[in-house]
Amino acid sequence: MQKLNKPLILSSIIATTAIIITLALGCGDNPSKAPVAETGETLSKKYCVSCHKYPEPALLDRETWAKHVLPAMAPHLGIGVYGDDQYVNAPSAKAMLGYEDWMKIVDFYKTTAPKTLTPAKPPVVPVHDWAGFKLQLPKHANTTPATTTMVAFDTISKQYFTSDRATNSIYQWSPMLKQLTAKQYNSPAVDAYFSKDAKSVEHAAFTFIGSMDAVDVATGSVVDMPLAGGSETPVAVNLPRPMQSLIADFDKDGLPDRLVCSFGHNFGGLFLYKQTATGQYQKTTISSMPGAEQATIGDFNNDGWPDVACLFAQAQEGVWLFLNDKKGGFTTTNLLHFPPVYGSSSFQMVDINNDGKLDILYTCGDNGDFSRVLKPYHGVYIFLNMGGFKYKQAYFYPVNGATKAIATDFNGDGKQDIALIAFFSDLKNNPEEGFTYFEQTGTMQFTPHRLPLSKYGRWICMDVKDVDGNGKPDVVLGNYAIGFMNQGETKALWDTYTPFVVLKNMGK
């Protein structure tokens, strides 16, 4: 601001009056600055990170932002919603920002987001063959559509276990894929963990989700069952939609403890159940973030104590590391962080490039929430371990609706290959996208194989084990045949009754 430059002939009275007027107008040596109005972009970066990583407008098309995602987000900031994309212009004590500022954010996403998302182009064209696998079908008499929620092969008893949403039952199958038993529970099981106790008695810990719907209910549980018969023991009850349970002695007292991932909805967490000398379990919370989906246990800092790596897939999507502090607690480090529209679906700590360090195999493709459109960033990722718990993306292959990836050496050449399922695949235009086998032909070089499986089912769960004892890992796929259609009334061109299939690894 320039100072007044009055002629010397002006009287002091006139000069003083001019200065007073100038200061009153906000000029002078120390003017008071008028507040600068914030833009929709700056407001979005200020408020949209209160619950999750900042979502760039380019992640979704403008219609999805306007009609689905923004109306779902508004209540979290205290903004009322009515209709598809109408907002309440009324003061609210819970509002984190005013109506005008919220509408600036809405306008920013509407005008900045692309009209449509451009599909990702695969770097390598898939090979269409059986890739050395042979299909095996179970002997079943299903009269209702398959809604399989779990497939698990027990390497101890050499039997298969499945569960489904329609009947809330757990089914036991022989090595020849003949159904042996069926028992109904209060909800479907989504995970099984097999182990032997101190007396060499085999147990299965089944995780029951409670509700498949995205609601805040705590009706899930983890139940321990002796497979040879005997009393079933609830290990954990009243859980918010648990997804997985694991066993390890976290405090080194000689008693196995239980780790439980509870996805929940707005509420969830990663919980530890410490076993006491009386055989009871005491619950402690490792993390109260919702979305705990999948965990793995290992000694990640080489101090001799079990640690936890966990994938969270709700608002704060990403992989978190929980290092055992040897005092009953954990220290937390974030390894990977993703925007909330990614739909994180699975991860695995595995040495992909054979350098002696655990890398992260990651998939995103959960597409059952507010943004049910095909996304170019859905697929399988590899993040290489750079040391010091730092990871760098080194591989991406786009697969619509990628649900789960498991890496192992399928063909016995010493390199890690990948089996991938995609529940929310492009069912209309690319149905074989539902299963892909990535053969690692060179260090971090993969040949994708699309097996002709699309007519046999729609795959939502998977297990990889050596089911016939020939030293080669096989694949078990669970068929969830109906519902969760994002592309209109897509006609089911797949088998809607077979609950699961097995891909026997015959070698190439």
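This is a predicted model: local features need pLDDT of at least 70, side-chain atom pairs count only at pLDDT 80 or more; totals for chains, interfaces and linings use all residues.
Residues are numbered from 1 along each chain as its sequence is written. Local features need pLDDT of at least 70, and side-chain atom pairs count only at pLDDT 80 or more, while totals for chains, interfaces and linings use all residues; side-chain values use heavy atoms, without hydrogens and water.

Start with the domains. The protein chain splits into domain 1 (40-112) and domain 2 (119-146 + 338-507), with bounds from an automatic or database domain assignment. Their centres, taken over C-alpha atoms, lie 34 Å apart. Domain 1 brings 12 residues to the contact and domain 2 brings 10 (contact means heavy atoms within 4.5 Å).

Now look at the area buried between them. It is about 830 Å², and carbon and sulfur atoms give 80% of it (buried area is the accessible area, with a 1.4 Å probe, that two parts lose on being put together, summed over both). On the domain 1 side, K53, L59 and L60 lose the most area to domain 2, together 50% of what that side buries.

Next, the second largest pocket. Its volume is about 450 Å³ (the space filled by probe spheres set on grid points joined across faces, edges and corners). A pocket is an open set of points on a 1 Å grid over the protein atoms alone, where a 1.4 Å probe fits, with protein on both sides within 12 Å along at least five of seven lines; lining residues have an atom within 4 Å of a point. Of the 16 lining residues, D197, H203, P256, R258 and Q275 are the closest to the centre of this pocket.
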